[in-house]
Amino acid sequence: MKLTKTSWLIIIVGVFIIILAGLGIVRSQQVNEQSELSEKLAVAQAKLMGIQLEQLSHRQEELEQQLSETASQSKTGRTILSQPIGSITISDIVFDIAEANNVEITEISSSGMAQKELEGVPCLALPLTAKVEGEVTDLVSFITQLNEDLATGAVQSLTINIPETTDKKASASIQLVVYAYQGS
């Protein structure tokens, strides 16, 4: 059977219409999927923004509170360190603590004031070296009270010598530093 031009034209137009219909269906499905995905994306972004804003707001509050606490601690520390060493007779305090704890200071010396930084804060430092004698429990009490009573001081090193015989007293060599804030 021989097909005429008209038959060929109808077949070609029919095939073309079928192809167009298939492409239309595929495109329609793509548009629907794209619409659904766009809606899901918008919902997910809205949820994400809500979560991030909540977390960031909460984190900001925590950081502001930490900053406030740190500033307060810094101010307190600077106030404590601001006490001028000249107005405090450190050696008198050390002798008073020794007397209160029944220990005898056999030697006390200092190399004088020095400029130092304490955790990045400019300070004046007064290093002291002391040798004391007494009962071991009294020596421990003395050293503990030094740390407590000298708020701006710290024991840097300590050596306690306990004799093997009871006829000699125990002794301790102590190095401590007393700080004073130097700044604005």
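**Figure 1. Pairing of strands E3 and E5 in the predicted model.** Strands E3 (residues 121–134) and E5 are paired in the antiparallel sense, with twelve bridges between them. The model shown here and in the following views is a predicted one. Within this pairing, alanine 130 stands opposite isoleucine 174 of E5.

**Figure 2. Pairing of strands E4 and E5.** Strand E4 (residues 153–161) runs antiparallel to E5, and eight bridges join the two. Isoleucine 160 has alanine 172 in E5 as its bridge partner. Strand E5 spans residues 170–181, and ten of its twelve residues are buried, so this strand is largely enclosed by the rest of the structure. In a regular strand, side chains alternate between the two faces of the sheet.

**Figure 3. Helix H3 and its buried side.** Helix H3 comprises 14 residues (136–149). The distance from its first C-alpha to its last is 20 Å, close to the 20 Å expected at 1.5 Å a residue. Its buried residues are Asp138, Leu139, Phe142, Ile143 and Leu146. Because they cover an arc of only 135° around the axis, these residues lie on the same side of H3. Thr137 and Glu148, on the other side of H3, are exposed.

**Figure 4. The salt bridge between arginine 59 and glutamate 62.** One salt bridge is found in a search of the whole structure. Its partners are arginine 59 and glutamate 62, whose closest N and O atoms are 3.3 Å apart, and a separation within 4 Å is what the criterion requires. Both residues belong to helix H1 (residues 5–81), where they are three residues apart, about one turn of the helix. An α-helix has 3.6 residues a turn, so residues three or four places apart point the same way. Side chains of opposite charge can pair when their charged atoms come close. Arginine 59 counts as partly exposed because its relative accessibility is 41%. Glutamate 62, with a relative accessible area of 31%, is likewise partly exposed.

**Figure 5. A nonpolar surface patch that includes isoleucine 19.** The patch has an area of about 880 Å². Leu3, Trp8, Ile11, Ile12, Val15, Phe16, Ile19, Leu20 and Leu23 make up this patch. One of these residues, isoleucine 19, lies in helix H1. With 48% relative accessibility, isoleucine 19 counts as partly exposed, since that class lies between the buried limit of under 20% and the exposed limit of over 50%.

Technical notes
Residues are numbered from 1 along each chain as its sequence is written. This is a predicted model: local features need pLDDT of at least 70, side-chain atom pairs count only at pLDDT 80 or more; totals for chains, interfaces and linings use all residues. Side-chain values use heavy atoms; hydrogens and water are left out. A salt bridge is a side-chain nitrogen of Lys or Arg within 4 Å of a carboxyl oxygen of Asp or Glu. Helices (H or I, at least four residues) and strands (E, at least two) are DSSP runs, numbered from the N terminus. Buried means under 20% relative accessible area, exposed over 50%, partly exposed in between (1.4 Å probe, protein chains only). Two strands pair if DSSP finds at least two bridges between them. Patches are made of residues with over 30% relative accessible area and no salt bridge: like charges are joined within 9 Å, nonpolar side chains (Val, Leu, Ile, Met, Phe, Trp, Tyr) within 5 Å. Accessible areas come from the Shrake-Rupley method with a 1.4 Å probe; for residues, only the protein chains shown count as cover. The expected span of a helix is 1.5 Å times one less than its number of residues. The arc is that of the directions from the helix axis to the C-beta atoms.
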